[in-house]
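Please keep the sequence and the model in view while reading.

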Amino acid sequence: MTARLSSWLRADGPLFIGSPSEKQVCKDPYPFNNIPQAMEAADEEMPLIHYLSPEDEASQYTSDGTLDVNDQPALKQRIGNWRACFIILGTEFTESLAFFAISKNLITYLMSELHERNVDAARDVSTWIGSCFLTPLIGAFLADTYWGAYKTIVVFLLVYTVGMLTLTLSACLPYAMDDSPHNGGIRGATAYLGLYLVVLGSGGIKPCTSSLGAEQFDSTDMTERVTKASFFNWYYFSINIGSLLSGTVIVWVQENIGWGVGFAVPMVFMVFGLAAFVAGRKVYRYKKLSGSPLTRVAQVVVAAVRNCHLQLPEDTSALHHDTFFPAEPNFKTEAARQFRFFDKAAIILPWTGEKGTAAPSSPWRLCTVSQVEELKMLLRMLPVWATMVLFFAVTSQMSSTFIEQGAAMDDRVGPFTFPPASLATFEVISVMVCIPVYDAVLVPLARRVTGNDRGLSQLQRLGVGLALSVIAMVYAALLEARRLVLAQADMPAMNILWQAPVFAVLGAAEVFATIGILEFFYDQSPDGMKSLGNAFAQLSMAAGSYFNSAVLSAVAATTTARGVEPGWIPDDLNEGHLDYFFWMMAALSMVNLLHFVHYSIRYRGNNRTAS
């Protein structure tokens, strides 16, 4: 008995009290001041004292290099996971509530309150929305290079809140100041100052909330990796909850109570969201920063060009390797055979054949294989990014041509009038229904068939979304063709609710493609560029909107070239052929889908290997 006790006391490692399954840590270095008590405990069948093995001790912490707020290894059971994500999702909800409270009714505010012309208001709204999806590049760069996701979100939430306060003030100025010719200019300047502070604020929130949320799950843990896929679903769900409330409650408040109250309500929600986000800082997991990602990519390009005259060694292990992949110490990177020109950036000068070693050299002359692979990862994702541009051009129809189509239909639903813009509610409802169904039903069923822990792979998920976008455009074309037949025969107009299916299908498409692209860019981006990867996903949305505007302009110019024909999309749709435009978009979407399928078959994911 004494021997048993002494062996316990000499053991190395943290001390536990209780059965091995309970594993409760004993913080007292001398748990038994009374030796007879310790000897009595030693006689029991199940010892009271146990020591944590190195394996058990390691399993307490995340294995992906994440830290807690004190820069210590993150404890799995105490921080991160859903306990942190609930706060992050709440923060994203408040941001989306504010964003959609502005965007859904901004054109009305500009025309009714600032007295802008229709064309100017439409241009300014498009510019503002496009800017909201461009500034994430700024926030993502700051997050990945200097501040980290948490600090970036806090700083830009403050900017966002100030922007909402300024915008609210602009709506109140007509009541707070005497009527004079200068008030309009002051009100307009204040409004645009607030709007573009919101643009800047959204640039730090849109890319960083999703990446910070994904960081709460250990990518090396099978269970947490599966849960991370669900996070992106519920992340998009929270955005659509904000969109639904903004498009219904907040818009009603703006038009029936006042614009000042309509802007003040989401501002108050944002203040509470900021306070809750900061209060939760102790439960988040944090990623280590690994320097400027854009600088590392630029160094590879410059070094490869400078070494273009050199011949690559056949053995890739002779290139300049670092031991581990930046920011994730449990992974290392192997050189891929794709885009081999950039491997020249990692050629050791002079190459003596000694593998994996190099004399000190400028990073603009010699780069590591990990740096080269970061660039290759970005290049491999470009075709996927390009296919998503056309997808978002299709979804842009919900705020442009679908509204025009609805305006030419019978908007009476029983005793009520259904405004064309309100059809977007069916898209939001579709998203909110499809996300739980996807998570609870489709993923388990698909997992049995595919054996993939996500159910569908990321590329399969994107492919389904692209296919649904084709179906939506085909339906819209058939609907418009039928509407034209009835209009030309002087028959009663079709009811606007015939548009509901196309909005619902596009909502389902977004569940697959929009959420899928966020998850894809996060997972496939280099480890030091997660926020920047999410920003690129946001950039595809902006590019889709701009591409749609360019296509509409080209169609208008081409189909009215002779100056005597009304064109496909005239002011009176009954004289045009909007259905031709929809067929064209359907054809482009089908070609886009085929290109995506061809590319996805050949796609190689990142080539990190567990060490």
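With which residue does D410 form a salt bridge, and how far apart are the closest N and O atoms? The partner of D410 is R412, and the closest N and O atoms lie 3.1 Å apart.

## Basis of the report

This is a predicted model, in which local features need pLDDT of at least 70, side-chain atom pairs count only at pLDDT 80 or more, and totals for chains, interfaces and linings use all residues. Residues are numbered from 1 along each chain as its sequence is written, and side-chain values use heavy atoms, with hydrogens and water left out.

## Overall architecture

Of its 611 residues, 52% are buried. Buried means under 20% relative accessible area, exposed over 50%, and partly exposed in between (1.4 Å probe, protein chains only).

Contacts are defined by heavy atoms within 4.5 Å. Among contacts between residues at least 6 apart in sequence, 81% join residues at least 24 apart. The accessible surface of the chain is about 27500 Å², with 63% belonging to carbon and sulfur atoms; such areas come from the Shrake-Rupley method with a 1.4 Å probe, and for residues only the protein chains shown count as cover.

## Salt bridges

Side chains of opposite charge can pair when their charged atoms come close. Here a salt bridge requires a side-chain nitrogen of Lys or Arg within 4 Å of a carboxyl oxygen of Asp or Glu, and the count by this rule is 11. One of them joins R296 and E374 at 2.9 Å, N to O. This pair links distant parts of the chain, with R296 in helix 11 (residues 293-306) and E374 in helix 12 (residues 369-395), 78 residues apart. Both R296 and E374 are buried.

A further salt bridge, at 3.7 Å from N to O, brings together the side chains of E519 and R461. E519 belongs to helix 16 (residues 500-524) and R461 to helix 15 (residues 458-488), 58 residues apart. E519 is buried at 3% relative accessibility, and R461 is buried at 3%. By contrast, R412 is exposed, with a relative accessible area of 56%. Salt bridges also link R340, D343, E373 and K376 in a network.

## Aromatic pairs

Rings of Phe, Tyr and Trp (its six-membered ring) pair if their centres lie within 6.5 Å; planes under 30 degrees apart count as stacked, over 60 as edge-to-face and the rest as tilted. The count by this rule is 30 aromatic pairs. In one of them, the ring centres of F99 and F133 are 6.1 Å apart and the planes stand at 80°, so the pair is edge-to-face. F99 lies in helix 4 (residues 81-103) and F133 in the loop between helix 6 (118-132) and helix 7 (136-176), so the pair ties together parts 34 residues apart in sequence. F99 is buried at 5% relative accessibility, as is F133 at 15%.

A single aromatic cluster is formed by W82, F86, F217, F231, F232, Y235 and Y522.

## Cysteines

A disulfide is a pair of cysteine sulfur atoms within 2.5 Å, and a search of the whole structure finds zero. C85 is buried at 0% relative accessibility, whereas C308 is partly exposed at 41%.

Key
Helix = DSSP H or I, 4+ residues; strand = E, 2+ residues; numbered from the N terminus.
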